[in-house]
Amino acid sequence: MFKKIISMTLTILMIVSCIQITFAAELPNISISNARGNVGEKVFVDISIANNSGFDAFAIGIMYDNKYLEPVDIVTNTDLGGMDGSNLNNMDEHRNPMISYTFISADEISVSGKVATIEFKIVGTPDGGKTPLRIVKYQNNSMLANNSAEVSVATTNGEVTVGGGEEPILVTGVSLNKTETSIKKDESETLTATITPANATNKGVTWESENPEIAIVNNGEVTAKKVGSTKIIVTTADGGKKAECLVTVIENVISVTGVSLNKTAANIQNGSTETLVATIMPTNATNKGVTWKSENTEIAVVNNGEVTAKKVGDTKIVVTTIDGEKKAECHITVTRKPGGGGGGGGTIAGPKVSMPTSNLTSGEVVAGTAVELA
């Protein structure tokens, strides 16, 4: 048994000139087509006219149950050549919601075929799985203008079958493959929604980002736009069930893979400096910071790549990357400066003379004279 039906009567107020309407011997027929769909889906029913030889205005009324059907739109046939109008939000004298559809033409025309299409959304399932669409009134212009009697017309009613005649399987929940995730800026990740139960009739979902400046979502594909956090929400068309994923957008870090120095070995005179240059790989690495170290600071010290020789000897200068602690080394040899004193081997300043070694005793030094032993 069908549940109580709330009627919806289409009406119109038109002022038109009184024109004699002539119908064919066979009554004109106004019909509504059938449709089939599931809860949450949209269906389309056609209003058609046949067997008329001419008219200049008409209005029709349709009964439907708004517990199961919700009118969305009405699209009229612009090829009729007249003017038409519609209103999805009228109310009849009993304050029932109603759709209005009217047509008026300056001249009588003969129409055969579809005159309008009504779009409904299925919002519930009736007992037996079907809900009727019934024409309840036909009016022509003579009645509207002169308050005359209705002209007889044949009608063919339609119906909407919900869920193919079977009770739909309703959605009880939805989940995502992740409840939180991190995505690098300018990169994407796809979230997958799972409907419960798996055999639910209507598995349609919508996606939304709480902050599109941080990340946007398109059919589950999340694209990171800006560093920060936002929620991605999926909502089922049937039942409005929701699931969320917290998305954190992080900088797109390019890691260091290695480091090298412009020299692997260098000789530096004591007291002099030499600058070593470190090259990071790859060249577009995010963090190019490095630290410098001398293995023996008594031999040489290093400051931001500049090596200063302190004492004759050998040491290693080591550079280390902050990202990944990659290392490179340079072997440093510190040498004496030419002509430097200390450690023996110096030259005695003064005039140079020749003297036989037999004239000097051991340990004697001639002051102020450079002595060349014969």
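K327 touches V259, V318, V319 and T320, leaving aside residues up to four places away in sequence. With T320 the link is also polar: the two side chains of K327 and T320 are joined by a contact of 3.0 Å. All this is read from a predicted model.

K327 belongs to strand β29, which covers residues 327-335. Is K327 buried or exposed? Its relative accessibility is 55%, and exposed means over 50%, so K327 counts as exposed. Another pairing spans the sequence. K327 and A278 are 49 residues apart along the chain, and their C-alpha atoms are separated by 10.0 Å.

Now turn to T315. This residue sits in strand β28, made of residues 313-321. T315 has a relative accessibility of 5%. Buried means under 20%, so T315 counts as buried. What does T315 touch? Beyond residues up to four places away in sequence, its contacts are S294, E295, N296, I299, A300, C330, H331 and I332.

Step back to the whole protein chain. Its secondary structure comes to 31 strands and 1 helix. The chain has 374 residues, and 37% of them count as buried. T315 is one of the residues that count as buried. The accessible surface of the chain comes to about 20,700 Å². Carbon and sulfur atoms account for 48% of that surface.

Definitions and conventions: Residues are numbered from 1 along each chain as its sequence is written. This is a predicted model: local features need pLDDT of at least 70, side-chain atom pairs count only at pLDDT 80 or more; totals for chains, interfaces and linings use all residues. Side-chain values use heavy atoms; hydrogens and water are left out. Helices (H or I, at least four residues) and strands (E, at least two) are DSSP runs, numbered from the N terminus. Buried means under 20% relative accessible area, exposed over 50%, partly exposed in between (1.4 Å probe, protein chains only). Contact means heavy atoms within 4.5 Å. A polar contact is a pair of N or O atoms within 3.5 Å; within protein, one must be able to donate a hydrogen and the other to accept it, and residues adjacent in sequence count only if both atoms are side-chain atoms. Accessible areas come from the Shrake-Rupley method with a 1.4 Å probe; for residues, only the protein chains shown count as cover.
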